Amino acid sequence: MEFLQQNWYWAALAVASGGWLLFDVARNSADKSQLSPVEATLLINREDALVVDVREQVEYAKGHIANSRHIPAGELERRSSELEKFRNQPIILCCATGTRSSAAAGTLRKAGFEKVFNLRGGLMEWEKAGQPVSRKRK
């Protein structure tokens with residue numbers, strides 16, 4: 001008890017850190033539409049998921065997930081008809097960090113697509129996980 005009284009600031013830091021970790025775990029487990037790079041790879045391999053990259057052309061040309069389709073986020077609503085034949089397949093949206101693709105997922109859900117997922121952390125996390133990136137233009 002004396003240790004805690006003398007080092008209260010370390011104890012407070014540990015409690016705050018643990019609380020933040022629990023909050024983050026609870027938030028991520030509640031949203032099943034967010035996929036880690038490993039979960040995305042499994043969905044691609046097991047259910048033939050389609051990957052749609054919603055970054056701008058310049059970003060896409062620098063590197064993208066192999067066999068991904070490129071539809072910039074600003075054009076997704078107008079070009080969603082291109083994805084019509086994939087309506088029954090899972091669709092994984094990705095961008096640089098997962099922010100734009102999260103918003104784009106909402107756009108596709110409004111258009112009636114049900115199996116829409118977001119690559120949590122985007123291409124940045126994909127590369128961090130050691131997953132391959134294609135530099136070829138598609």
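The largest nonpolar core comprises 15 residues, and Val52, Leu83, Leu93 and Leu108 have the most contacts inside it. A nonpolar core is here a set of buried Ala, Val, Leu, Ile, Met, Phe, Trp, Tyr and Cys residues joined through side-chain atoms within 4.5 Å; buried denotes under 20% relative accessible area, exposed over 50%, and partly exposed the range in between (1.4 Å probe, protein chains only). The model is predicted: local features need pLDDT of at least 70, side-chain atom pairs count only at pLDDT 80 or more, and totals for chains, interfaces and linings use all residues. Residues are numbered from 1 along each chain as its sequence is written, and side-chain values use heavy atoms, without hydrogens and water.

E2, E4 and helix H6 (99-110) each supply at least two residues of this core, and H6 gives the most, with 3 residues. Helices (H or I, at least four residues) and strands (E, at least two) are DSSP runs, numbered from the N terminus. A second, separate core includes Ile65, Ile92, Cys94 and Phe117 among its 12 residues.

| Core | Size | Residues included |
|---|---|---|
| Largest | 15 residues | Val52, Leu83, Leu93, Leu108 |

Beyond four places in sequence, Val52 touches Arg69, Ile71, Leu83, Ile91, Ile92, Leu93 and Cys94 (contact: heavy atoms within 4.5 Å).

The open sheet has 5 strands in the order E1-E5-E4-E2-E3, with parallel pairing; pairing requires at least two DSSP bridges between two strands. Its edge strands, E1 (34-35) and E3 (69-70), each pair on one side only. Strand E2 (residues 50-53) pairs with strand E4 (residues 91-94) over 4 bridges in the parallel sense, and Asp53 has Cys94 in E4 as its bridge partner.

Trp10 lies in helix H2 (residues 8-30) and counts as exposed because its relative accessibility is 55%.
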